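Below are a few friendly notes to read alongside the coordinates.

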Amino acid sequence: MPNNDQSQDIAFEIRGNVALITLNRPRALNALTHNMMKTIARLLDGWEKDDAIKAVFFFGAGDRAFCAGGDIKHACEQGLAYKENSDVALSPNEYFFDEYNLNRRLFHYSKPLFAIMDGVTMGGGFGIAGPCKYRIATERTVFAMPEVGIGFFPDIGGVYYLLKCPDLIGRYLCLSGQPISYEDVLYSGIATHYCTSDDIEQMLNKLISTFALDSGVDSILGSYEPNAANEGELAGRNDLIQKCFSHETVNEIIECVEARDDKWSQELSYNMRRRSPLSMEITMRHLQMAERGESFDTVIARDYQLCQHFMGGTDFYEGVRAAVIDKDRSPKWQHVALKDVTKADVDEYFKETGKALY
């Protein structure tokens, strides 16, 4: 991986015919800042026009995370400042506008993209990894789309990708916000390949040589596949997930899970009851709309519409306060329970805002 001494939030280098980008905020689990997004977009534009560059690789600095998501604390502070005085504060919608346009840029990029998901890969981090043709997990990979737990929703085009998971696993991941291990990341197709963290540099060198010859990528990646016997939790719970998450309302899903008396189900239902009720209901409708076969561009355009409503509401700010700022883990949501969320409440978030992504 890139081994230069750059201290910026984005480090990059060229090796042979490939470009390497490192998200370089290890103390913050490589969470994405606004400037990082703009830097990545600028680099991608230049490399796409450079015939010498055959592929782009993404890494996370340190040994804990690929990318834990967007810098939600900053987005929260920016949003509160904008609410207080929009004349002097930058709208948080500009942050999300640039983030989602970067996600869209990656999705349509003309050259192969690789994400080395070594460590925590969550939320906005998957906004970088998700569009990559090659998404490589390691034994340290932990994945989640935890947004419903902070009063937000699975954005960055996440529902588009997760609906490609087997059966109803995508619904489970979006509505539960639960983290999963590298075995489950492979089982669900969130990662396309596997490599131990110790072998990353070796694999990278082989791939760089391959791009010089313009062949053999899949065979090299395939040589690092794990033993097929390494199955995670989702494989063993898939029948339960299919039974419960096939219901068409969030409350029915949770009640189905609650009806089981095993420890895993009880912990799942407890956690889901603690998520933002409004976030859960909006996420469910977002999923159901995307399940009709919508394109990535349609999904992420709606993401931008939804995020504007969330930034104008209260649950996101309360969720970030409870999780990241005060860390009391006791958010006071706008709605106490799912039954308190009305159809009109949800409808409001799906109304046009007058500000589109493209």
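**Notes on helix packing and aromatic contacts**

1. Let me begin with a pair of helices: α11 and α12 cross in a left-handed sense. Please keep in mind throughout that this is a predicted model.

2. As for the geometry, α11 covers residues 250-258 and α12 covers residues 263-274, and the two pack at an angle of about 150° with their axes 8 Å apart. Angles over 145 degrees count as roughly antiparallel, and α11 and α12 are therefore roughly antiparallel to each other.

3. Which residues make this contact? On the α11 side they are N251, I253, I254, E255, V257 and E258, and they meet S265, Q266, L268, S269, M272 and R273 in α12. Sorted by class, the contact of α11 with α12 comprises 5 nonpolar, 4 polar and 3 charged residues.

4. Next, the aromatic rings. The structure holds 26 aromatic pairs. In the pair of F153 and F310, the ring centres are 5.3 Å apart and the planes lie at 20°, so this pair is stacked.

5. F153 sits in the loop between β8 (142-144) and α5 (158-162), while F310 belongs to helix α14 (residues 296-312), so the pair ties together parts that are 157 residues apart in sequence. Are the two partners buried or exposed? With 0% relative accessibility, F153 counts as buried, and F310, at 1%, counts as buried too.

6. A second pair has another geometry: F316 and Y317 are edge-to-face, with 5.6 Å from centre to centre and 75° between the planes. F316 has 1% relative accessibility and therefore counts as buried. Y317, at 7% relative accessibility, also counts as buried.

7. Both pairs belong to a wider group. F153, F310, F316 and Y317 are part of one aromatic cluster, which also takes in Y95, F96, F97, Y100, F152, Y304 and Y349. If you plan to look at the rings on screen, this cluster is a handy selection to colour.

8. Last, a charged residue. R321 lies in helix α15, which spans residues 315-325. Its relative accessibility is 19%, and the cut-off for buried is under 20%, so R321 counts as buried. What does R321 touch, not counting residues up to four places away in sequence? The partners are D326, K327, D328, S330 and P331.

Terms used: Residues numbered from 1 in each chain as written. Predicted model: local features only at pLDDT ≥ 70, side-chain atom pairs only at ≥ 80, totals over all residues. Heavy atoms only, no water. Axes fitted to C-alpha atoms, helices over the stretch in contact; angles between N-to-C directions. Helix = DSSP H or I, 4+ residues; strand = E, 2+ residues; numbered from the N terminus. Parallel < 35°, antiparallel > 145°, perpendicular 65-115°, else oblique. Left-handed = near helix turned anticlockwise from the far one by under 90°. Contact = heavy atoms within 4.5 Å. Nonpolar A, V, L, I, M, F, W, Y, C, P; charged D, E, K, R; others polar. Phe/Tyr/Trp six-rings, centres within 6.5 Å; stacked < 30°, edge-to-face > 60°. Buried < 20%, exposed > 50% of the residue type's maximum accessible area, 1.4 Å probe, protein only.
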